[in-house]
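Student: I am new to this structure and would like to go through it slowly, one question at a time. Could we begin once the sequence and the model are in view?

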Amino acid sequence: MINVKISLVTVTYNAAKTIQQCIDSVARQTYKNVEYIIIDGNSSDGTADIIRQNKAHIHYFKSEADDGIYDAMNKGIMKSTGDVVGLLNADDYFANDNVISEIVASFVQNNADILYADLDYVNPNGKVLRRWRSGNYSPGKFNWGWMPPHPTFYAKREMFEQLGLYNSRYGTAADYELMLRFMHTNKAKVCYLNKVIVNMTQGGVSNQNLLNRIKAWRCDFRAMTNNNIGMPFLGLVLKPLRKVGQFIG
């Protein structure tokens with residue numbers, strides 16, 4: 001994997017307030033063998049105009065109706081040509097200018113199929129609200145409610161080709177299910193980059209209210225039972241409890 005090509009996919013929908021910061025964080029990366037793909041879901045707030053103004057940093061852009069965020073992610077992955085694929089949310093941004101260089105170095109040094117790292121939740125002013133420190137992965141860890149932060153998840157493109165894309169029938173757990181499928185069920189070779197690589201703007205669809213949280217638990221449970229989690233009810237209880245430590249320190 002000499003001179004590894006990284007494909008980054010950003011999915012947007014009415015993200016005019018945040019997309020410029022996201023794009024800027026990609027453009028500033030010191031590692032230059034990067035393919036940047038943006039898939040927009042027919043935004044109506046000027047997002048597409050901002051993206052077009054940044055075309056010098058973007059290798060593929062499409063704005064059209066889709067069937068949700070995971071459908072758009074899949075479109076981006078299918079357009080990618082890199083050795084490794086990662087996703088950067090439209091309201092998130094890289095923690096520093098050397099993130100991609102560090103990702104590539106870790107992939108090469110560990111001969112890995114998958115990499116994940118650490119993440120900070122921040123407010124719009126950049127103040128850290130939560131700290132997600134993933135820790136090292138070991139086989140079976142998903143059984144105990146563990147998961148890596150999806151915005152830090154990078155995988156060889158051949159993994160998507162062999163094991164499939166995001167499955168939207170899992171709803172808000174589609175990203176969790178894909179990581180389960182790749183890491184736990186299919187036992188890919190994983191490496192952990194012990195650094196914060198993404199600042200994630202606080203707020204997610206699955207956490208907006210109690211009803212959405214209940215729906216998310218149901219989606220998590222389906223993902224667990226379909227990917228050989230030993231005791232899915234235990235995993236379902238432990239998974240949110242693991243987040244408590246993110247608010248400390």
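Student: Is Glu64 buried, partly exposed or exposed, judging by its relative accessibility?

Tutor: This is a predicted model, so the answer rests on values computed from predicted coordinates. Buried is kept for residues under 20% relative accessible area and exposed for those over 50%. Because the relative accessibility of Glu64 is 28%, Glu64 counts as partly exposed.

Student: With which residue does Lys75 form a salt bridge whose closest N and O atoms are 2.8 Å apart?

Tutor: The pair links distant parts of the chain, with Lys75 in helix H3 and its partner in the loop between strand S3 (60-63) and H3, 11 residues apart. At a closest N to O distance of 2.8 Å, the partner of Lys75 is Glu64.

Student: Which residues make up the network of salt bridges that includes Lys75?

Tutor: Besides its bridge to Glu64, Lys75 meets the side chain of Asp71 in a salt bridge at 4.0 Å, N to O. Asp71 and Lys75 are separated by about one helical turn because they are 4 residues apart in helix H3. Asp71 counts as partly exposed, at 23% relative accessibility, whereas Lys75 is among the buried residues of H3. The network therefore consists, under the salt-bridge cut-off of 4 Å, of Glu64, Asp71 and Lys75.

Student: Which elements are included in what covers the buried residues of H3?

Tutor: Helix H3 spans residues 69-79, and its buried residues include Tyr70, Met73 and Ile77. What covers the buried residues of H3 includes strands S1 (6-12), S2 (34-40) and S4 (84-87), together with helices H5 (157-163) and H6 (174-185).

Student: Are Arg181 and Glu177 buried or exposed?

Tutor: These two residues lie in helix H6, about one turn apart, and they form a salt bridge with closest N and O atoms 2.7 Å apart. Arg181 has 12% relative accessibility, and Glu177 has a relative accessible area of 4%. Because both values fall under the 20% limit, Arg181 and Glu177 count as buried.

Student: Which element gives the largest share of the largest nonpolar core?

Tutor: The largest nonpolar core has 73 residues, and Phe142 is one of those with the most contacts inside it. Leaving aside neighbours within four places in sequence, Phe142 is in contact with residues including Tyr176, Met179, Leu180 and Met183. The largest share of this core, 7 residues, comes from H6.

How values were computed: Residues numbered from 1 in each chain as written. Predicted model: local features only at pLDDT ≥ 70, side-chain atom pairs only at ≥ 80, totals over all residues. Heavy atoms only, no water. Buried < 20%, exposed > 50% of the residue type's maximum accessible area, 1.4 Å probe, protein only. Contact = heavy atoms within 4.5 Å. Core = buried A, V, L, I, M, F, W, Y, C linked by side-chain atoms within 4.5 Å.
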